[in-house]
Amino acid sequence: MKLDILAFGVHPDDIELGCAGTIIAAIAEGKKVGIVDLTQGELGTRGTAETRKTEAANAAKVMGVLVRENLQMADGFFKNDEAHQRKIIQVIRKYQPDIILCNAPEDRHPDHGRSAQLVSDAAFLAGLRKIETLDENGQQQTKWRPTYVFHYIQDRFIQPSFVIDVSKYHDQKIKAILCYTTQFNSTSNEEPQTYISTPMFLESVKARALMLGKRIGVAYAEGFISEKVLGIKSFDSIIQNET
């Protein structure tokens, strides 16, 4: 199955928080989108690998993605080395995406920046024909390099290269986030409260979308960092914003 967009997140819920609105908007435009989670989020204070697997599946349904895989790398301890790069190369060659979305290049959680570099490096290496990989059936994979690698913004604010209007899909994004019932907007005393479990964290996610939306004159937006300069075909492609 060839995908238009393949979104990577190091933990289940990274994608929902960082770029779910963009994914939902792309699907509404007819794009084929898939998700790959690198780890099961097993080191998270709340929930378990099993509960997060169920939550991720529920969120995938809300977003409408065609496929969601988990590479089961070690949460907190995966490395940007050949073994891990080859796993990413295999999945990139499997789905042949034109666009890759991945974690922020630096962030509060050290896994995020490490994942960003891992995926970025693997995206380049996937285009080298002398790196040989096999698919699930033991067949030789064809080299493939995506056209773009974009990083979504996470906890720490990073100046975006561009922002995408997700106003029509913001409510659906929040619904996808809330599929992680063990993680967000939960005041349950059964497990310790965390940085992300209080209602105020979700309010900060909404505030970020409002702030980015205001910068382009729309209600809600998501920001991305590009690894290369982007071109436009004409000035008509630019969203008109009041100054």
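At 16% relative accessibility, Ser-226 falls under the 20% limit and therefore counts as buried in this predicted model. Ser-226 belongs to strand S7, which covers residues 221-226. The side chain of Ser-226 reaches the backbone oxygen of Lys-228 at 2.5 Å. Beyond its neighbours within four places in sequence, Ser-226 is in contact with Val-149, Phe-150, Ser-161 and Phe-162.

**Aromatic residues and charges over rings**

- The structure holds six aromatic pairs. One of them is formed by Tyr-148 and Phe-150, whose ring centres are 5.3 Å apart; the planes meet at 15 degrees, so this pair is stacked.
- The two partners of that pair are described by their accessibility: Tyr-148 is partly exposed, with a relative accessible area of 30%, whereas Phe-150 is buried, with a value of 8%.
- Arg-114 lies over the face of Phe-78, at a distance of 4.3 Å from the ring centre.
- Arg-145 is placed over the face of Phe-124, and here the distance from the ring centre is 4.1 Å.

**Glu-16 and helix H1**

- Glu-16 lies in helix H1, which spans residues 14-28.
- The relative accessible area of Glu-16 is 0%, so this residue is buried.
- The side chains of Glu-16 and Tyr-180 are joined by a polar contact of 3.0 Å.
- Residues up to four places away in sequence aside, Glu-16 touches Ala-59, Met-63, Arg-68, Lys-173, Ala-176, Ile-177 and Tyr-180.

**Positive phi angles in loops**

- Asp-13 is found in the loop between strand S1 (5-9) and H1. Its phi is near 105 degrees, a positive value in a residue other than glycine.
- Asp-13 has a relative accessibility of 4% and therefore counts as buried.
- Gln-96 sits in the loop between helix H3 (82-95) and strand S4 (99-102). Although Gln-96 is not a glycine, its phi is positive, at about 45 degrees.
- With a relative accessibility of 24%, Gln-96 counts as partly exposed.

**Helix H4**

- Helix H4 consists of 16 residues (110-125) and reaches 23 Å from its first C-alpha to its last. This span is close to the 22 Å expected at 1.5 Å a residue.
- The buried residues of H4 are Asp-111, His-112, Gly-113, Ser-115, Ala-116, Leu-118, Val-119, Ser-120, Ala-122 and Ala-123.
- An α-helix has 3.6 residues a turn, so residues three or four places apart point the same way. The buried positions of H4 include Ser-115, Leu-118 and Ala-122, which may be inspected with this spacing in mind.

**Lys-206 and helix H6**

- Lys-206 lies in helix H6, made up of residues 199-215.
- Its relative accessibility is 26%, so Lys-206 counts as partly exposed.
- Apart from neighbours within four places in sequence, Lys-206 is in contact with His-170, Ile-174 and Tyr-220.
- Lys-206 and Ala-221 are 15 residues apart along the chain, and their C-alpha atoms are separated by 9.7 Å.

**Cysteines**

- The count of disulfides comes to zero.
- Cys-102 is in no disulfide, since its nearest cysteine sulfur, that of Cys-19, is 9.4 Å away and a disulfide requires sulfur atoms within 2.5 Å. Cys-102 is buried, with a relative accessible area of 0%.
- Cys-179 is likewise in no disulfide; the nearest cysteine sulfur, again that of Cys-19, is 15 Å away. The relative accessible area of Cys-179 is 14%, so this residue is also buried.

Methods: Residues numbered from 1 in each chain as written. Predicted model: local features only at pLDDT ≥ 70, side-chain atom pairs only at ≥ 80, totals over all residues. Heavy atoms only, no water. Helix = DSSP H or I, 4+ residues; strand = E, 2+ residues; numbered from the N terminus. Buried < 20%, exposed > 50% of the residue type's maximum accessible area, 1.4 Å probe, protein only. Contact = heavy atoms within 4.5 Å. Polar contact = N/O pair within 3.5 Å; in protein donor to acceptor, adjacent residues only side chain to side chain. Expected span 1.5 Å × (residues − 1). Phe/Tyr/Trp six-rings, centres within 6.5 Å; stacked < 30°, edge-to-face > 60°. Lys NZ or Arg CZ within 6 Å of the ring centre and 35° of its normal.
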